[in-house]
Amino acid sequence: MTGRQGSSYNNSSVKIPVDRLFHPDVEAIEVDQQLRLTGDLAARYPDGVHVSARITPVTRGVHMQGRLEGTEAETCVRCLEGFARPATIDIEETFSEDVGRDQDFFADVAPLVDRSIDLSDLVSQLLEVDEPMAAICRPSCLGICPGCGANRNAVSCGCEAHTPDTRLAGLARLRDEMQANDKNGR
Ligand SMILES: [Zn+2]
Ligand SMILES: [Zn+2]
């Protein structure tokens, strides 16, 4: 027998009761749910995230395996423009009644409290770990011109045409000097 988790929740904290999995007849609970986020995460993921997962029983607990998908409103560190970053995160979590509430910080296995999984809690933890240190809109982003501050993806301001030239000219002079020294046998 397979149970399906309903998707109409209004509270900010979404919990999935897994008590049914402790009954020998229940093999799994399927989760297919759109989740609204609160606070800082609501600003970062304005459309929320989608969780699709399967929860199965293990000894004295449950195992959750699946995927978390969302689109994050990011700001590119190079060009400072906003962009949508698709995020897909694997869910692979074990919850056990043998793990104490205060132990979760150090354990690979999370505590199973009141025979329910706090989905909001799990999702915010996973999204925090997934957050890139420096998000860029695309690998080829040209960024902001250090000379005039223009977004070089949108305009070619002309500054870059000169800057590398002077640097190359300096290198060329250095090369000439080194070659001259070689010829002099030093
Ligand atoms: Zn960019
Ligand atoms: Zn410029």
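## Overall fold

Helices (H or I, at least four residues) and strands (E, at least two) are DSSP runs, numbered from the N terminus. By that rule the protein has three helices and eight strands. Along the sequence they follow the pattern β-β-β-α-β-β-β-β-β-α-α.

This is a predicted model, in which local features need pLDDT of at least 70, side-chain atom pairs count only at pLDDT 80 or more, and totals for chains, interfaces and linings use all residues. Residues are numbered from 1 along each chain as its sequence is written, while chains are lettered from A and ligands numbered from 1 in the order in which they are written.

A residue is buried if 20 or more other C-beta atoms lie within 10 Å of its own, exposed if 12 or fewer, and partly exposed in between; C-beta atoms are placed from the backbone. Of the 186 residues, 17% count as buried. Two residues are in contact if their C-beta atoms, placed from the backbone, lie within 7 Å. Among contacts with a separation of 6 or more, 53% join residues 24 or more positions apart.

## Confidence

pLDDT is the predictor's confidence in each residue, from 0 to 100. Its mean over the protein is 85. A value of 70 or more is reached by 81% of the residues. Residues 4-11 have a pLDDT below 50. Beyond near neighbours in sequence, that stretch has nine contacts in the model. Where pLDDT is low, the predicted coordinates should not be read in detail.

## Strand pairing

Two strands pair if DSSP finds at least two bridges between them. Strands β4 and β5 pair in the antiparallel sense, over 10 bridges. P57 has V62 in β5 as its bridge partner. The two strands form a hairpin with two residues between them. In that turn, R60 has a positive phi of about 60°.

β5 also pairs with β6 (residues 82-96). These strands run antiparallel and are joined by 15 bridges. T75 stands opposite G82 in β6, and R67 stands opposite D90. β5 and β6 form a hairpin too, with six residues between them. L80 in the turn has a positive phi of about 65°.

On to β7 (residues 110-111). Two bridges join β6 to β7, and here the strands run parallel. F95 stands opposite A110 in β7.

The loop between β7 and β8 (116-118) holds D114. Phi of D114 is near 55°, a positive value in a residue other than glycine. D114 counts as exposed, because it has 11 C-beta neighbours inside 10 Å.

R115 is found in the loop between β7 and β8 as well. R115 is likewise a residue other than glycine with a positive phi, near 50°. With 16 C-beta neighbours inside 10 Å, R115 counts as partly exposed.

## Helix α2

Helix α2 covers residues 119-130, 12 residues in total. From first C-alpha to last it reaches 16 Å, close to the 16 Å expected at 1.5 Å a residue. The expected span is 1.5 Å times one less than the number of residues. The buried residues of α2 are L119, L122, V123 and L127. They lie on the same side of α2, because they cover an arc of only 125° around the axis. That arc is taken from the directions from the helix axis to the C-beta atoms. The face turned away from this buried side carries the exposed residues E128 and V129.

D130 also lies in α2. It has 14 C-beta neighbours inside 10 Å, so D130 counts as partly exposed. Leaving out residues up to four places away in sequence, D130 touches A87 and I89. D130 and T88 are 42 residues apart in sequence, yet 8.9 Å apart in space, C-alpha to C-alpha.

## The nonpolar core

A nonpolar core is a set of buried Ala, Val, Leu, Ile, Met, Phe, Trp, Tyr and Cys residues joined through C-beta atoms within 7 Å. The largest one here has 26 residues. Within it, V51, I55, L119 and V123 touch the most other members. At least two core residues come from each of β3 (28-35), β4 (49-58), β5 (61-75) and α2.

Beyond its neighbours within four places in sequence, I55 is in contact with V18, L21, A28, I29, V31, V62 and M64.
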